[in-house]
Every structure is written in structure tokens, then in C-alpha cells.
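Keep the sequence and the 3D view open as you read.

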Amino acid sequence: MPSLQSVTVLGATGSIGTSALDVIARHPGRLRASVLAAGRNVDALLALCRAHRPDHAAIADPDGYPALRDGLAAAGLPTQAHAGMDAITDLAAGDACQTVVAAIVGAAGLDSTLAAARAGKRLLLANKESLVLAGELLMAAARDGGACIVPIDSEHNAIFQCLPAEATADLRRIVLTASGGPFRGHDRTQLADVTPAQAIAHPKWSMGPKISVDSATLMNKGLEVIEAHHLFGLPGERIDVLVHPQSLVHSLVEFIDGSTLAQLGLPDMRTALAVGFGWPRRIESGVAGLDLLAHGRLDFEPPDTVAFPCLRLAYAALEAGGTAPATLNAANEVAVSSFLQGRIGFLSIPALVEQTLAALPAAPAASLDALRDADIRARECATQLSSRITAT
Ligand code: NDP
Ligand code: MG
């Protein structure tokens with residue numbers, strides 16, 4: 001009988017958080033949600049507390065504290081209420097859990113993810129932006145702290161499953177698959193007028209709004225190239241991208257002997273999360289097996305970096321190194337948020353990112369402070385550029 005694993009779910013109210021809690025609830029003797037954390041949605045967090053009865057619940061927005069505390073008391077729950085990012089970071093590193101699901105969206109997830117890595121947790125890492133922003137520091141923190149990182153991003157989880165540690169030196173390249181998003185096949189003229197509602201209607205995956213827009217611009221794949229560089233120690237030229245619209249092959253690993261291994265499955269994040277909780281064993285995830293006859297075909301095509309320049313910009317930022325990936329990520333977060341608020345058009349997303357990268361050339365990034373500074377400066381720059389577009 002495996003021992004009970006206590007789990008902190010950061011970003012519990014989101015798409016990954018919901019999938020993680022679904023898997024946890026399938027294994028009452030093995031997994032237990034001991035800490036739930038969210039950004040500002042107190043009602044959704046309270047509903048999760050009623051269902052999962054964690055020891056601690058934390059809301060990042062301090063204004064949410066009274067409603068969280070009173071809601072927990074009114075429900076008669078023993079759950080302790082906390083508020084603020086520092087409280088979330090302390091809980092991620094503290095004794096209340098052995099395992100942390102890092103599923104906050106954006107750079108806001110960096111501190112808690114880093115803290116979990118330093119504290120030597122089993123780290124189910126979905127928050128790819130923290131790796132893009134501070135990949136070297138995060139990987140070093142995990143090494144020093146003895147943390148086991150299991151990537152949850154489906155592509156990286158696929159590579160993790162296909163790549164035994166002793167074979168890392170024998171890799172030729174990895175190939176990340178991409179669905180192509182809702183606008184696959186569109187040219188720039190067709191992309192000019194697409195709406196946020198169209199952009200977040202992903203054909204294969206059900207995800208939060210930010211990553212859905214990233215998938216539509218192909219920035220998601222660009223962030224994933226940088227993420228793969230840090231997780232698997234490969235340079236950009238050995239990380240390829242293939243568009244695979246069926247989203248059944250989650251990624252491929254090619255070894256020096258010409259052998260290619262791929263991981264396949266239905267597009268449902270619960271598989272990756274179950275791998276994270278159970279590894280090296282396999283546990284039930286609630287996801288059905290793959291019936292290839294029912295699906296019939298697997299298609300592959302090259303990405304279109306003319307219509308979707310974000311992928312090219314991400315490769316260039318990886319190549320430039322230093323603060324460039326942090327700048328790329330921050331500019332993208334600002335641009336996606338402006339697009340979702342209807343303030344800029346879809347094509348302005350890559351334009352804003354490119355202009356921010358041009359305005360803030362890469363500098364060395366030896367410390368966390370240097371990276372945070374680059375993140376702040378890129379946000380300021382992209383916000384200014386965005387208001388100029390809005391004003392015209
Ligand atoms: P969602 O938008 O669905 O959820 C985001 C979660 O983060 C919510 O719980 C939200 O809380 C919380 N949050 C937002 N801001 C803060 C903050 N400042 N402090 C604390 N919590 C905060 O996102 P997803 O679940 O789609 O994505 C989460 C991460 O996982 C992203 O990094 C994404 O790239 C990655 N990922 C997601 C995949 C997916 O299938 N969805 C696939 C691969 C990776 P609240 O509800 O209160 O706002
Ligand atoms: Mg992915």
C-alpha cells in the first residue's frame with residue numbers, strides 16, 4: 001500500500017488545477033489535497049474546499065481574505081485561511097505537502113514554484129512561464145533542493161516518459177508537436193480580424209484563456225521550446241516543432257541510433273498529471289485509452305512562422321539568452337491580456353513582443369533580481385506600446 005501523498009495545488013481553480021483535483025479524488029488512499037491556492041476567485045476556492053477539505057486554503061489577492069475566512073467558517077470546515085503571495089509561497093515550501101502542482105498562470109507562479117523546488121518537493125510543473133523566465137535558476141534550485149520535477153505540459157511530459165535518464169546523452173533531437181491552434185491554415189490577412197472568443201476556442205484542448213491565446217499565436221510552442229531547453233538540456237537547434245492537428249502524438253524523442261520514441265494518448269491533461277503523481281508507477285487518470293482505428297490518421301506539417309511569427313521570436317530569444325526569454329514572456333503576457341480585453345488586435349501580439357525585444361536588448365541574467373528587473377521593464381515597455389496602438 002503506497003503512503004498517502006499530501007498535495008498542494010497552486011492554481012486550484014484553473015483548468016490544470018481542476019484536472020489535478022479530479023485525479024487526486026480518484027485515489028483517496030494515495031493522494032490528498034492538503035493545500036489549495038488561487039488568485040482572486042474566492043467563491044470557486046470555497047467550493048473546492050467543501051469538496052476536498054484541505055488543511056489550508058490561500059488566496060493571492062489580500063482583499064479576498066475576509067470572504068475566504070468567513071466562508072470556511074460558515075461551511076464548518078477546519079481549513080485554515082491564508083492570503084497573499086508570500087503565504088502561498090510558504091505553503092508550497094512547507095511541511096503541509098510532499099507534492100506541489102505548480103499551475104498558476106504566468107510569471108506570477110515563479111516564486112511559489114521556485115520555493116517548492118528549493119524545498120525538495122515532487123514538483124508537477126505546469127507553469128511553463130517560470131521556466132521561460134528563470135529556467136537556469138529553477139533547475140538549479142531543484143537540483144540543490146533534491147526536488148523531482150515532472151513536467152506536466154503534455155509535450156514535455158511525453159518526452160519525460162520516452163527518455164530514460166541514462167539515455168539523455170544519446171539523444172539526437174526532440175520534436176515537440178503542436179496542434180496548430182484554431183487558426184491553422186490562416187494567412188495574415190485572415191488573422192487581422194479574429195476575436196478573443198475565436199482565439200480561445202481551441203480545437204483539441206480545453207485550457208485557460210492565456211494559454212489558449214498562446215496556442216493560437218504559436219507563442220505557446222515558442223515558450224515550450226525554451227521550456228524543453230531547460231528541462232532536457234538541449235540547444236534550440238536540437239528542438240524541432242511539427243504541427244500535428246489531431247493532438248494524439250504528444251511529442252517525439254529521436255536517439256542517435258535513428259530510433260524515434262513517441263508518446264500517444266487522448267488530449268486530456270489528466271494523463272500527464274497522473275504520470276506526475278504516480279511516477280515511476282502508473283495510476284488511473286480517468287482518461288480512456290487511444291483507439292487509433294477510430295481516429296484513422298495522424299497528419300504532420302511544418303509550422304507557418306510567417307503567419308505566426310511568435311515561434312520564430314521565441315527561438316531568437318532562446319538564442320540571444322540572458323534576459324531575452326524573460327522579456328519575451330513578459331511582453332507576451334501584456335500583449336495577450338490587452339488582446340483578451342479587446343484593446344489590440346491579434347496581429348499586434350507578435351508585433352508588441354518583437355518591438356519590446358528590439359527596445360530592450362538581451363543583457364546577462366545571472367541573478368533572480370536581474371530577471372525580475374527585465375520582467376518589470378518589459379511589462380512597462382509593452383504596456384506603453386500597447387496604449388499607443390489603442391490610441392491610434
Ligand atoms: P487558468 O487560467 O485556467 O488558471 C489559472 C490559475 O492560476 C487559477 O487558479 C487562478 O486563480 C490562478 N492565478 C492567477 N493569477 C494568480 C496569482 N497572481 N496568484 C495565485 N494564483 C493565481 O490556467 P491554466 O490552468 O490553463 O494554466 C495554468 C498553467 O499551466 C499555465 O502556466 C499554463 O501555461 C500551464 N499549462 C496549462 C495547460 C492546460 O491544459 N490548461 C497545458 C499545459 C500547460 P483564480 O481562478 O482565482 O484567478
Ligand atoms: Mg503544451
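The shell around ligand 1 holds 14 nonpolar, 8 polar and 4 charged residues. The model is predicted.

**Where ligand 1 sits**
- The shell around ligand 1 counts 26 residues.
- The closest are Thr13, Arg40, Asn41, Glu129 and Gly208.

**Contacts and cover of ligand 1**
- Glu129 places a polar side-chain atom 2.6 Å from an oxygen atom of ligand 1.
- The backbone also takes part: an N or O atom of Gly11 lies 3.2 Å from a ligand 1 oxygen.
- For Val105, a backbone N or O atom is 3.5 Å from an oxygen atom of ligand 1.
- On its own, ligand 1 has 900 Å² of accessible area, and the protein covers 85% of that.
- Helix H1 (15–25), helix H6 (128–145) and helix H10 (209–217) are the elements that give two or more residues to the shell.

**The magnesium site**
- Ligand 2 is a magnesium ion, coordinated by Asp153 (OD), Glu155 (OE) and Glu224 (OE) at 2.1 to 2.2 Å.
- Along the chain, these donors follow the spacing D-x1-E-x68-E.
- Distant parts of the chain are linked here: Glu155 belongs to helix H7 (residues 154–162) and Glu224 to helix H11 (residues 219–232), 69 residues apart.
- Glu155 is buried, at 7% relative accessible area.
- Glu224 is buried too, at 1%.

Note on methods. Residues are numbered from 1 along each chain as its sequence is written. Chains are lettered from A and ligands numbered from 1 in the order in which they are written. This is a predicted model: local features need pLDDT of at least 70, side-chain atom pairs count only at pLDDT 80 or more; totals for chains, interfaces and linings use all residues. Side-chain values use heavy atoms; hydrogens and water are left out. A residue is near a molecule or strand if one of its heavy atoms lies within 4 Å of it. A polar contact is a pair of N or O atoms within 3.5 Å; within protein, one must be able to donate a hydrogen and the other to accept it, and residues adjacent in sequence count only if both atoms are side-chain atoms. Accessible areas come from the Shrake-Rupley method with a 1.4 Å probe; for residues, only the protein chains shown count as cover. Helices (H or I, at least four residues) and strands (E, at least two) are DSSP runs, numbered from the N terminus. Ala, Val, Leu, Ile, Met, Phe, Trp, Tyr, Cys and Pro count as nonpolar, Asp, Glu, Lys and Arg as charged, and the others, Gly among them, as polar. Donors are N, O and S atoms within 2.8 Å of the metal (3.2 Å for Na, K and Ca); water is not among the atoms, so sites may look incomplete. Buried means under 20% relative accessible area, exposed over 50%, partly exposed in between (1.4 Å probe, protein chains only).
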